[in-house]
Amino acid sequence: MDRPHLFPSLPSKVHTDGDFSPDETRLANRNHGILLETLRHDVTPAGMHYLLTHFDVPYVPDPETWTLNFGGQVQTPHALSLADIRALPQRTLRVTLECAGNGRSFGSPRWPSMPWGDCAVGTSEWTGTALKPLLARAGVLPSARDLVFTGADRGFDGVEHDYARSLTPAAALTGAQSDDILLVTAMNGQPLLPQHGAPLRLVMPGWYGMASVKWLTRIDAIDHAFAGHQQTGTYVYKQTSDDPGTPVTAIRVKSLMVPPGLPDWYTRKRAVTAGPVKVHGRAWSGNGVPIRRVEFACDGVWQDATLEAQASSPYAWRGWSCMWDAVRGEHNLQCRATDANGCVQPVEQRWDRNGFGNNMAQRVPVLVR
């Protein structure tokens with residue numbers, strides 16, 4: 001049960017511009033994005049995958065005592081141990097996860113929160129068992145309106161709550177991705193790391209990362225719409241504070257490039273030697289929709305990039321490359337992707353009150369010497 005805020009003296013958050021606050025800096029020190037130069041890896045090494053932890057990483061002294069409980073509007077409430085889950089049929093699926101707040105820091109005015117630039121993304125090979133047969137085993141009743149996935153992490157964001165998200169029974173049992181929703185115990189061939197949800201997490205492919213609940217302890221079928229804070233109090237697209245909004249779900253089409261040349265240590269600005277330069281990058285979209293085109297631009301002049309072969313998983317990013325004839329001077333590089341549904345990355349930042357779903361074409365300033 002949610003409880004009243006214990007910190008009434010804290011100032012209310014307001015939109016801002018300019019320097020990041022100490023609170024934003026503290027969040028940035030706890031969490032981290034991918035290193036853009038590691039986009040060359042088909043699979044992101046676990047320590048380089050983006051990380052967003054809302055509260056504290058739960059301490060699990062003995063993972064073998066961990067249980068996953070099924071309850072609520074089901075025929076057969078029961079619990080499974082990790083050994084039970086590992087004994088079930090296992091599969092490995094390559095999935096790109098992206099934080100819904102990726103790109104938030106580029107908004108103006110921006111919402112005070114984790115100050116993501118471009119880098120809150122990563123692709124891993126997740127190993128676990130399919131959710132759907134376990135829901136069938138529990139026997140979700142017709143009275144069920146939502147399925148609630150609850151993690152072991154707990155804290156405050158206006159109210160005290162466990163981190164929890166929901167899916168409708170239709171999405172989990174008959175939706176386009178339902179066969180691919182996994183209960184995961186391993187990442188890139190190794191047991192899950194504590195910060196990535198060990199010993200058990202959900203992976204909801206094709207959706208922003210908030211749906212892939214970490215440290216999963218319970219799955220409850222309820223007979224009403226779930227109104228938990230992480231479902232309705234945040235992760236909703238809004239234009240104004242009184243806008244009822246639209247839930248954040250599938251990832252929007254996006255691409256990133258490996259910044260070419262050499263970096264300045266402090267500013268990360270790039271220096272490139274004049275001549276032919278091969279630029280590499282990745283592109284992805286939500287719900288398993290494939291990438292059909294990537295374009296690269298220097299100073300607003302666009303050209304088509306070459307797409308690499310699509311990964312075996314429809315939920316994994318796709319590589320691309322492009323030759324750029326770098327001439328002396330200061331330039332701005334960009335890339336943008338188009339998916340099979342015809343969705344194109346915008347060149348300008350889209351507005352969202354909380355900075356969600358920003359998929360503006362990446363901009364990389366370079367000095368060609």
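1. What volume does the second largest pocket have? About 1100 Å³. A pocket here is an open set of points on a 1 Å grid over the protein atoms alone, where a 1.4 Å probe fits, with protein on both sides within 12 Å along at least five of seven lines. Points are joined across faces, edges and corners, and the volume is the space filled by probe spheres set on them.

2. Before you go on: this is a predicted model, where local features need pLDDT of at least 70 and side-chain atom pairs pLDDT 80 or more, while totals for chains, interfaces and linings use all residues. Residues are numbered from 1 along each chain as its sequence is written, and side-chain values use heavy atoms, without hydrogens and water.

3. Back to that second pocket: 32 residues line it (lining means an atom within 4 Å of a point). Leu36, Gly117, Cys119, Thr267 and Arg268 lie nearest its centre. Two or more lining residues each come from α1 and β22 (362-368), with β22 giving the largest share, four residues. Helices (H or I, at least four residues) and strands (E, at least two) are DSSP runs, numbered from the N terminus.

4. The largest pocket comes in at about 1600 Å³. It has 44 lining residues, and Lys13, Leu27, Pro112, Phe156 and Asp157 are the closest to its centre. Here α1 (22-30) and α5 (229-233) are the elements that give two or more residues; α1 has the largest share, with five.
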